[in-house]
Amino acid sequence: PYGFVGREQSGENTRGTGGVLQRVERDISVVIVASNLADRLGAAAAAEIETLKTSVRASLIGWTPASMVEPLTHVNGELVEARDGFVWFEDVYSAPTYLEGN
């Protein structure tokens, strides 16, 4: 799996006076790649993707990274591509945090 921050959406400033405090909804994308060249159309690799998705989700859902304030939750997932015996699947997780400034 490969992970990266795919999108960030900041909320309104929640401090009425003095400084800034904003909640940031951060989407972490995890791309899972499986290959099984026994089937060039990707059906064999698709079965492997299901096993990998289960493993990745079990590891990430409920985990709170050190820089976050809440545990990761699953947002969505989608097939990115399937060809030549490879299957790419992207899962997106919500990882909220806060921005503070003077």
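# Salt bridges, core and overall form

Reply: To start, Arg23, Glu25 and Glu70 are linked in a network of salt bridges. A salt bridge here is a side-chain nitrogen of Lys or Arg within 4 Å of a carboxyl oxygen of Asp or Glu.

Me: What kind of model is this, and how are residues numbered?

Reply: This is a predicted model, where local features need pLDDT of at least 70, side-chain atom pairs count only at pLDDT 80 or more, and totals for chains, interfaces and linings use all residues. Residues are numbered from 1 along each chain as its sequence is written, and side-chain values use heavy atoms, with hydrogens and water left out.

Me: What is the mean pLDDT of the protein chain?

Reply: The mean is 88, and 96% of the residues reach 70 or more. pLDDT is the predictor's confidence in each residue, from 0 to 100. Among the elements, H1 has the lowest mean pLDDT (88) and S4 the highest (93).

Me: How many helices and strands are there?

Reply: The protein chain has 1 helix and 5 strands, in the pattern β-β-α-β-β-β along the sequence. Both are DSSP runs numbered from the N terminus: helices are H or I with at least four residues, strands are E with at least two.

Me: Compact globule or more spread out?

Reply: More spread out, because the radius of gyration is 18 Å, well over the 13 Å that the globule rule gives for 102 residues. That radius is taken over C-alpha atoms, and the rule is 2.2 Å times the number of residues to the power 0.38. Along the principal axes, the C-alpha atoms fill a box of roughly 65 × 20 × 15 Å.

Me: Back to salt bridges. How many by this rule?

Reply: The count is 9. One of them joins the side chains of glutamate 8 and arginine 26, at 2.7 Å from N to O. This pair links distant parts of the chain, with glutamate 8 in strand S1 (residues 2-13) and arginine 26 in strand S2, 18 residues apart.

Me: Is each of those two buried, exposed or partly exposed, and what are the cut-offs?

Reply: Glutamate 8 is partly exposed at 45% relative accessible area, whereas arginine 26 is buried at 19%. Buried means under 20%, exposed over 50%, and partly exposed in between, with a 1.4 Å probe and protein chains only.

Me: Which parts does the aspartate 91 and arginine 57 pair tie together?

Reply: Their side chains meet in a salt bridge at 2.9 Å, N to O. Aspartate 91 lies in strand S4 and arginine 57 in helix H1, so the pair ties together parts 34 residues apart in sequence. Aspartate 91 is buried, at 0%, and arginine 57 is partly exposed, at 25%.

Me: What about the largest nonpolar core, how many residues?

Reply: That core has 13 residues, and those with the most contacts inside it include Val30, Ile32 and Tyr93. A nonpolar core is a set of buried Ala, Val, Leu, Ile, Met, Phe, Trp, Tyr and Cys residues joined through side-chain atoms within 4.5 Å. H1 gives the most to this core, with 4 residues.

Me: And serine 94, where is that?

Reply: Serine 94 is in strand S4 and is buried, at 10% relative accessible area. Leaving aside neighbours within four places in sequence, serine 94 is in contact (heavy atoms within 4.5 Å) with residues including Glu25, Arg26 and Pro71.
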